Amino acid sequence: MTSLVETLSVRRAEAGRSPFESRLLIGMLVLVALFGLYDPRNLIPVFDGLRLPDTDDMMRLVGVRDLLAGQGWFDPVQHRMLPPAGIASHWSRLIDLPLAALILALTPVLGRELAEPAVAALWPLMLFALYGALAYFGMRRLFGWRPALLTLFIAPQTGVFLNTFRFGRIDHHNAQLCAVLAVALALARSDRPVRRGLAAGLVAGLSLAIGLETLPVIAAAGLFVVADWVLHGAAASGRLAGFGTGLLAASVLMFGVQTAPALWTVPACDALSPPWLLLAAGGAFTGVAALVAERLGLNRNGRLFVAAVMGAAVAAGFVLVAPDCLAGPFAGMDAVVRTSWLQQVDEMRSFLQVLRGEPDVALANIVPLIVAALYATVMAIRVQEPERRRFFLAVATVMWPGTLVALVQVRGMYVAGAFVPLMAALALDRAMRIVREPATVLRRLMVLALPLTMMGKVWAIGAELPMRRQRRLALNRRSREVGRPAPIRRRLPPSAGCRRGWC
């Protein structure tokens, strides 16, 4: 009799369980979301004429072809542009290398004509798998399996991922997203401080070698470990020393690997060069100073003084070595390149400029960054559990620089966008739990609306409806002016609004 009652109780409890407590259901949702990002039909333009999504992808392919054709590893000049001298590119060979290796590996099997589009399709998929692995295991450790899987469900719904990880994206932004995520997750863990700090520093140095777009995020990560040491002393000194050592070691190594020896002493504002190596060295020296300060038994005020002195010394050294770079990475750019390329790039526009011309693009890409950064900040204040609070604090610290840059130049959205799926997944998981709890309808709607505001597709669809109405009214107005009925035009679905590489 007792066993029968227990069995009925178990069945009653299972009947009352939320369907979202099923790993199978969440896994199926992930597969559906991934199909939206990796629809096989999107391979058609890649394999039919090698039509890649963005001009940056085409330029990357040109550089890879030149490398395979025998152009020197240390020769970054695009000789086809403004012949005979050409124009030097600041792009890193570190992305060209794996792409060239994959093409060489597939050529004997597929032939060169098919190997190139195959690699263009495979590369972003491989990097998304890397991002997914990092995000899944990082989230599962702190928050459980459901937020970890929801991260993979939400990532394909965000504008940045729809842009940077789709078939054909062989530019460097997807690799940078993986790098900044790895840095933040390493610093978010309090265990094994030296090892975690060293790993974060090594990846940070690699990301700077790939492109300086991650510089604001890496600088924020450096401030995070310095502030951690100032507040917690000996418990965090090893992390600071490890981060500084790893950053300097990786930066110097990657600089030597991809830079011609004749240019080792030449400052360059738009690529890893002596001025930026000076900043990395400053991080390493700050780590050494932290270890010495702990030996001397300095208190919090003493540690703050040491950090301030080291920061001032590094800043002064940078100003002396490369004052021109204070004006930004494109300070020394050739005037022809500036007018013919830089001033024409959509990424260099501000959020307000994009919002006026393409509100669906601006809302889908930038607003989720702002909401996610605010959510991470609020949770860092509210959460009491130390490990989770550290996670939210690390995410908020590295998100805000990229988010603020995106308001001035929307290219900042790439590095900040790496963390939107994490924050949206946690907000969605919370909404699923509150739906099962006693709560007012208004509270449930507000809690559910939060993760939706971090999904780019939601903003794209919302902005598309009034834009479609405006186009229809304008079309009718023009038709009445010429005295003929308005033609019926078929509009692509909102998901096809990824114009010029935007979503």
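A disulfide is taken here as a pair of cysteine sulfur atoms within 2.5 Å. By this rule the structure contains one disulfide, and 13 aromatic pairs are counted under the ring criterion given below. The model is predicted, so local features need pLDDT of at least 70 and side-chain atom pairs count only at pLDDT 80 or more, while totals for chains, interfaces and linings use all residues. Residues are numbered from 1 along each chain as its sequence is written, and side-chain values use heavy atoms, with hydrogens and water left out.

**Disulfide**

- C269 is joined to C325, with an S to S distance of 2.0 Å.
- C269 lies in the loop between α12 (234-258) and α13 (274-296), and C325 in the loop between α14 (300-321) and α15 (335-340), so the bond ties together parts that are 56 residues apart in sequence.
- Helices are DSSP runs (H or I, at least four residues) numbered from the N terminus.
- The disulfide is left-handed because the torsion about the S-S bond of C269 and C325 is about -90°.
- Both C269 and C325 are buried (under 20% relative accessible area, 1.4 Å probe, protein chains only).

**Aromatic residues**

- Rings of Phe, Tyr and Trp (its six-membered ring) pair if their centres lie within 6.5 Å, and planes under 30 degrees apart count as stacked, over 60 as edge-to-face and the rest as tilted.
- F161 and F165 form a stacked pair, because their ring centres are 5.0 Å apart and their planes lie at 15°.
- F161 is buried at 0% relative accessibility, and F165 is buried with a relative accessible area of 0%.
- One aromatic cluster is formed by Y38, F128, Y131, F161, F165 and F167.

**A further buried residue**

- C178 counts as buried, at 4% relative accessibility.

Technical notes: Buried < 20%, exposed > 50% of the residue type's maximum accessible area, 1.4 Å probe, protein only. Helix = DSSP H or I, 4+ residues; strand = E, 2+ residues; numbered from the N terminus.
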